[in-house]
Amino acid sequence: MIAMPAIDMAKFRARAVNVHIHAYDVYCGRAGNGYGDGYFGNYSAIPGDAGDIRVRIARVKDFLVCFRHRMGLIHSERWKGVKILGQPIEFGEIEYRRRVNTLHGALGCHCVPALCHVEVYVAWINDGPAGLARLEARIARLEVQV
Ligand SMILES: [Zn+2]
């Protein structure tokens, strides 16, 4: 029997961090301010004050629709015609799927610990579809409180 080296699973898992407070491995906010190219940002344009939890919830739910569409999980017309960083949104984008599935470690955005779209990536990386379902359930509980 061949002894297998211990694998530190913790380093393959993802967590959300605030870029203003913590070191991060991958910047997941929007483009701008010198943080990164914004590839993983939430480009939901639902209007409102980002400090309003109801707006945050709406934008994260909107991002989840975009995420599932681009990942090829659930087709949606919601983001049809919308471009992100000059590129049209497609169902099941091979490059997006590849890049999302390599995410791990500290995923940084400006709004953590407030509800943030980065939690969609974290849920997906750590627990796949079940993680997304749990995140949705958490958001639904949050919605009835506000
Ligand atoms: Zn954020």
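This is a predicted model: local features need pLDDT of at least 70, side-chain atom pairs count only at pLDDT 80 or more; totals for chains, interfaces and linings use all residues.
Reader: Where is leucine 115 found, then?

Author: Leucine 115 sits in the loop that links β5 (105-109) to α3 (118-145).

Reader: Is leucine 115 buried or exposed, and why?

Author: Leucine 115 is buried, because it has 20 C-beta neighbours inside 10 Å, and the cut-off for a buried residue is 20 or more.

Reader: Which residues does it touch, leaving out those up to four places away in sequence?

Author: Leucine 115 touches Ile53, Arg56, Ile57, Val60 and Leu142. As for valine 60, its C-alpha atom is separated from that of leucine 115 by 7.7 Å, although the two residues are 55 apart along the chain.

Reader: What joins valine 112 and proline 113?

Author: A cis peptide bond, with omega at about 15 degrees. Proline 113 also belongs to the loop between β5 and α3.

Reader: Turning to the helices, how do α1 and α3 cross?

Author: The axes of α1 (residues 53-70) and α3 come within 11 Å and cross at roughly 145 degrees. The crossing is left-handed.

Reader: Which residues make that contact?

Author: From α1, the contact uses Ile57, Val60, Lys61, Phe63, Leu64 and Phe67; from α3, Val120, Ile139, Leu142 and Glu143. By class, eight are nonpolar, two are charged and none is polar.

Conventions
Residues are numbered from 1 along each chain as its sequence is written. Helices (H or I, at least four residues) and strands (E, at least two) are DSSP runs, numbered from the N terminus. A residue is buried if 20 or more other C-beta atoms lie within 10 Å of its own, exposed if 12 or fewer, and partly exposed in between; C-beta atoms are placed from the backbone. Two residues are in contact if their C-beta atoms, placed from the backbone, lie within 7 Å. Axes are lines fitted to C-alpha atoms, for helices over the stretch in contact, and angles run from 0 to 180 degrees between N-to-C directions. A crossing is left-handed if the near helix is turned anticlockwise from the far one by less than a right angle, and right-handed if clockwise. Ala, Val, Leu, Ile, Met, Phe, Trp, Tyr, Cys and Pro count as nonpolar, Asp, Glu, Lys and Arg as charged, and the others, Gly among them, as polar.
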